[in-house]
Amino acid sequence: MDRRALRRVKSNAMVGLMIAAVVVAVLPLFLILASLLARGAASLTFDFFVNRPAPVGETGGGVAHAILGTLIIVGGASVIGIPLGIGAGLYASEYRGTRLAWVTRFVADVLNGTPSIVVGLLAWTWVVATQRHFSALAGSFALAFLMVPMVMRTTEELVLLVPDALREAALALGYPRWRTTYVVLRTALPGIVTGSLLAVARVSGETAPLLFTALGSEYFSLDLQRPMAALPLVVYKYATGPYPEWHALAWTASLVLILVVLTLNLGARFVTRQRFGRSE
Amino acid sequence: MLLELTRGALPAADRFGLGFITSSVWDPVAGHFGAWPAVVGTLLTSLLALAMAVPLALGVAIYLTEFAPGPIRRPVATVIELLAAIPSVVYGLWGIFVLVPFLTKWVYPFLEARLGFLPFFSGPIYGPSVLSAAVILTIMIVPFIMSVSREVLLAVPPGQREAALALGATRWEAVSTVIVPYAKSGIMGAVILGLGRALGETMAVTMLIGNRHDVSASLFAPGYSMAAVIANEFADAAGGPIHESALIYMALLLFAVTVLVNAAARLMIWRVSRARGEA
């Protein structure tokens, strides 16, 4: 009897510990959001979105150049990365079992785990070193490199969910293989769109690959061949800089960045759940 | 990719050979480069973070799959997974202005007072230090380990659990004697995946580790990590081509390590899912 009680107490104690672990693990998200709101919301003004930073010593100013830069760099990355990722994903799932498909999948998994700074260095050797100057294009290239494996894996998973009957029906109608693949792609498209959105959300926050590709800049720029500012770079520079005005801008820029990323994330999750009702 | 990195690293590899890893002199002006402090910093922060993150992440994963009441499972998992979506610069910013002041004010003095007899917890307290970087890494890798091991645990057949309970085991005994051993290899995979993340994490570590080419016994002292060295020095590699090449060499090392770590993790996770009889 005594032993039994002891066992039950032990079981309950372990559950208690686990609940404590949940609390500790969840806490940082709220702490981070709270400090972002507390320190960043104050300078979240109209000015912030339309102006360049004020000279050091003056308050106010904004990071419009960085917002624009992020849009351009991430946009460029998406144009390169998403089609490539979808193509590779389609191949890996529709031609399952071929050796090339297996290799593609393995390489994508390895790339998925590659530190983003290494990818940045690679973009540097390929684009910056050959052109001999930093450019927004090199930044886009680095981010695209990160996006391909992510988009590829989601595409592959979703295409696998498409019932085989659909493929067989298309083939039975005398469609060639590529049109069959097109039918499959259209069926899986909504899921692929959300997967791509998630990839966009992830690379928007990447800093390390941009450090020595897009480099950052203090001015408005539309030229892909020139260095360009980006939100994460601004946060890094201003957070590690010595001036309180910079710190304030870094907090606000982080707040904007995180709002964008979390919105994309939650939105994508919500849409996926509604459409597929997957029990994750 | 491997080729390109190798080519860039060749000049430095030629000149320093394998001694690159063990030498601790880093002097761009004189053209001496040794990666030892960065290698140690990387390993130390990652392993410390792993030691803190694993119990936490497993606790959460087990609780969510075995004990939590139905309605809270998904929201809690979602919230923790959102932590994985926060950009690492934001972690770095938060680390500099919120976490480090908190740690240096409350936690470190306490550790020093209680455990000061150990060399790790003695010496002057710096804000940005190896330990601070490890703490922020912990927060960052918990979501990864948690979500992968949760999937593995969900894959344990319910029959196993029911059999244990039917034999009169308490719920914790069912978990510790049946379910966790069953999922062991997959959980190892999740942990190693987390290690891979921690090794390659750049921004948050760069902002918190203190960036000093030095190996110190105390965890309160600043250090350096491989990714941070690259991030800080590459854009203006002052030591000329050999400096640049040394940094690429370091990236090659980092890349090789993460590839190995990730491949190991994948194989372990695959083994579990193959044993389950599906992909």
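Me: How are residues and chains labelled, and which pLDDT do local features need?
Reply: Residues count from 1 along each chain as its sequence is written, while chains are lettered from A and ligands numbered from 1 in the order in which they are written. As this is a predicted model, totals for chains, interfaces and linings use all residues, side-chain atom pairs count only at pLDDT 80 or more, and local features need pLDDT of at least 70.

Me: How many helices does chain A have?
Reply: Helices here are DSSP runs of H or I with at least four residues, strands are runs of E with at least two, and both are numbered from the N terminus. Along the sequence, chain A reads α-α-α-α-α-α-α-α-α-α. With zero strands, chain A has a helix count of 10.

Me: What pattern does chain B follow along the sequence?
Reply: Chain B holds 11 helices and two strands. Reading along the sequence gives α-α-β-β-α-α-α-α-α-α-α-α-α.

Me: Among contacts in chain B between residues at least 6 apart in sequence, what share joins residues at least 24 apart?
Reply: Two residues are in contact if their C-beta atoms, placed from the backbone, lie within 7 Å. In chain A, 72% of the contacts with a separation of 6 or more come from residues 24 or more positions apart. In chain B, the share for residues at least 24 apart, among contacts at least 6 apart, is 76%.

Me: Which helix of chain B gives the most to the side that touches chain A?
Reply: The two chains meet through 52 residues of chain B and 50 residues of chain A. On the side of chain B, nine residues come from the top contributor, helix α11 (residues 241-275).

Me: How many residues on the side of chain B that touches chain A are nonpolar?
Reply: Ala, Val, Leu, Ile, Met, Phe, Trp, Tyr, Cys and Pro count as nonpolar, Asp, Glu, Lys and Arg as charged, and the others, Gly among them, as polar. That side of chain B includes 10 polar and four charged residues, and its nonpolar count is 38.

Me: How are α1(A) and α3(B) oriented to each other?
Reply: Axes are lines fitted to C-alpha atoms, for helices over the stretch in contact, and angles run from 0 to 180 degrees between N-to-C directions. Helix α1 (residues 2-40) of chain A and helix α3 (residues 36-67) of chain B pack with axes 8 Å apart, at about 115°. Angles of 65 to 115 degrees count as roughly perpendicular (under 35 roughly parallel, over 145 roughly antiparallel, the rest oblique). The two helices are therefore roughly perpendicular.
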